Amino acid sequence: MAKRHIVQSSTQSVTLIILLMGILFFINILSYRLFMRADLTEKKEYTVSESTRNVLKSLGDIVNVTAYFSQDLPPYHAGIRTQVEDLLSEYAAYSEGNLNIEFVDPSADEELKARLARMGIPEVPLGEIKRDKQVISMGFMGIAIQYGDNGEVIPFIRNISNLEYDLTAALLKVKDKTEKIIIWVGESKTDQQDPEGHYFLHEELNKTFVVRPMAPAQVTVIPKRTSLVIVDGSSDLPDRALYAIDQYLMQDGKVIVLTDRVTLNPDQGLSAASTDQSIHGLLESYGISIAKELVADRSNAMAMFNSGMVRFRLPYPFWPKIGRLGFSPDNPAVNQLESLVLPWTSPLSITGQVDGRTVVPLVETSEVSWVTREPFDLNPQQKWDITEDDLRKSILAYDLTGRFISYFSGKPIPKDPSAPLTAGEEEETEEEIDSSTDQGRLIVVASTRFITNQFLSLHPENMMFLQNIVDHLAIGNDLIGIRSRQVTDRPLSFGTTDEKAVESKKTFHRVMGTVMIPILIVFFGLARTAMRKQAKKQREQGSKETHHE
Amino acid sequence: MNDVLAIFRREFRSYFDSPVAYIFITVFLVLAGWLFYSGFFIMNFASLRSYFDLLPWMFLFFVPAVTMRLWSEEKKLGTMELLMTLPVRDIDVVIGKFLASFSFMTLTILLTFPLIITVFALGNPDSGPIIGGYLGAILMGGAYLSIGMFASSLNENQIIAFILGVVICFGLFMVGEGFVLMRVPGSWAAFFQYLGLGSHFRSIGRGVIDSRDIVYYFSVIFFFLFMNLRALESRKGH
């Protein structure tokens, strides 16, 4: 009888457990589909941004978004699909019915596969582990955005962090049929392996724009419809190229100039010398000069050095690290940024006339910064001979807006070398423009090296800075709001430059955070034990007295 | 409700009547602080992320250590029968004990507040991930506790209860981690990831309070408390 009761009770238990598991499973499935989220991050990093919402609201017509995902993706990539679904459903909710979203598995449809390959969405190899072996399977993870005859694709979604930017940029592109062209004036260094190359920068910029590199010697005229010109000042420019840039600016063009005043000599170890380049004269005529000095800063990035067989990392004052306070608070291109590293940079200043233009310092060093003059000593372990009086902020980037006067006004026009005159031919006169209206835009950054492959891999935040100023000039501020939220760097600040004071602050926090509370807890425990003993003693005495009575 | 409160008070006080609580809190805080500060100044970021990354692993050993004595000790000291014959319902005892250990664990987590002082004094951290990290830690700790309590109800040997608790927590944590997800079929990956204790903690720890994560943790807590109750009842049946 007892045995039957136990069996009955066990069966009841198992049934109840299975029932509970079923109920909980159902509740979780339900909650998975109907959920609420509160994004507590300061910049609402996990919510669709204001910029994207504005773009979605202004769609005005149906845009088709088709996500091509294979059904059997390896586990890691399957997780990305869920995140893409979440993001696209948020997009649809803000689009006021103008976004048609569809998920398609092209794996079994050979015709569709071929069409996708033509569109630029390839079947990509994806790694996974099966039976303890690394195997490669093929799959689709791309998105196509179609508006009328205009199409854009995101070929492969590596991770979700850039997807909002890429999607919104693609939406802007399909809506605006005009191609946005950036002319890159500088030597074309698009080799991925070259540390001094610009492969990663061009790859990023090409997602939104069409980047056309032009060697300085080939720049004779810059078409007016160009959205932006970026001048890589790492090599000197011939007069004709300067003239082309100047005339483009006079037609209310938008120009970013990256320039150095001190060049490094890689053949002689860490040595540097100042340089005079033609672009410096052009900039001076617009009111910006760059000093023959190198900026050093106590707020700096670490750099790797070789000493024979040994490699070591050291804080390097010649790589100033700009923190949140170093960015102009009023300029939307930079006021959300947290960090930027400008290596071997020189201070900019305003010289001459800047009438008719507003000049805004975009980036400045910390208060504990100073400058060094020739001959330059780049040794990271040198003894710095500086006093409090030497410390001052340096401006490393300026934003100029307004009316520019031509550098070539009253000067002869440099000849176009691509159109040599033959004897007897009449010289075709070019019409020179002496000044722009009040719509000219120029940004000057005192470094060319901060966007090389090597520096972008060390300091990805540099890419964000450049992309923001490019977007700011070329397409306005629509996309800046999205990217500036991807902030990763919130550096510590000790509020002092004295190394001893910094060390003592570190020790204070270390002690406070590690042992202060445990010591208090131990004291609390000892006090409590003593009080309990006392109370016990009193109770025992009380009971003895009662017993005697 | 009064019975739950009475059990809660008795249990919570009992933590501080023995040196165990003081040793536990001290070791936890010193270890968390030491591990956090050893990387904090090198990383140079005003964030508690490195501390929260450690928590699931620290909980794996600390939480079963808190719960191992909850039932095992009662059985060993013979107070279990006394407790079970008192005019209180089993469910009240289970909830009272759980709330006591939950409050003790929450107190321990909150005592790491000097780390918050450090990051705010030396930088400009995003408070969202800090709030999310603490909330996630408390919820994940609750899930670990319910598992540990269940393990303790199965055996009167504290060491076995501890090991059993660690094993179940480890299993439910690892099932949602990349190491396991890489080895399961793609169509099951999302399910396994959802099942894992750590993935929901990371989700809340980003600073996003998601109802799905909260429902998940409450489900785990509820399920293991129910299992705990069944284990007690089956013991009574015998």
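The model is predicted, and every value given here is computed from it.

Chain B contains 12 helices and 1 strand. Taken along the principal axes, its C-alpha atoms fill a box of roughly 55 × 45 × 30 Å.

Of its 238 residues, 57% are buried. When contacts between residues at least 6 apart in sequence are considered, 76% of those in chain B join residues at least 24 apart.

Chain A has 12 helices and 23 strands. Its radius of gyration is 32 Å, whereas a compact globule of 549 residues would have a value near 24 Å. The C-alpha trace of chain A spans about 130 × 70 × 50 Å along its principal axes. Buried residues account for 45% of the 549 residues in chain A. Among its contacts between residues at least 6 apart in sequence, 74% join residues at least 24 apart. The accessible surface of chain A amounts to about 28900 Å², and 53% of that area belongs to carbon and sulfur atoms. Chain A has 58 positive and 73 negative side chains, with the centres of the two sets 12 Å apart.

One helix of chain A may be followed residue by residue. Helix H8 of chain A covers residues 278-286, and its buried residues are A:Ser278, A:Ile279, A:His280, A:Leu282, A:Leu283 and A:Tyr286. An α-helix has 3.6 residues a turn, so residues three or four places apart point the same way. Just after this helix, A:Gly287 adopts a positive phi of about 110°.

The two chains meet through 51 residues of chain A and 55 residues of chain B. The size of an interface is often expressed as the accessible area lost when the parts come together. Between chain A and chain B, the buried area is about 5100 Å², of which carbon and sulfur atoms give 63%. On the chain A side, A:Leu40, A:Arg490 and A:Leu492 lose the most area to chain B, together 12% of what that side buries.

Leaving aside neighbours within four places in sequence, B:Ser211 is in contact with A:Leu34, A:Phe35 and A:Met36. B:Ser211 counts as buried because its relative accessible area is 19%, and the cut-off for a buried residue is under 20%. Within chain B, B:Ser211 and B:Ile7 are 204 residues apart along the chain, and their C-alpha atoms are separated by 30 Å.

Key. Residues numbered from 1 in each chain as written. Chains lettered and ligands numbered in written order. Predicted model: local features only at pLDDT ≥ 70, side-chain atom pairs only at ≥ 80, totals over all residues. Heavy atoms only, no water. Helix = DSSP H or I, 4+ residues; strand = E, 2+ residues; numbered from the N terminus. Rg over C-alpha atoms; globule rule 2.2 N^0.38 Å. Buried < 20%, exposed > 50% of the residue type's maximum accessible area, 1.4 Å probe, protein only. Contact = heavy atoms within 4.5 Å. Areas by Shrake-Rupley, 256 points an atom, 1.4 Å probe, with all protein chains shown as cover. Lys, Arg positive; Asp, Glu negative; His and termini not counted. Charge placed at Lys NZ, Arg CZ, Asp CG, Glu CD. Buried area = accessible area lost by both parts, 1.4 Å probe.
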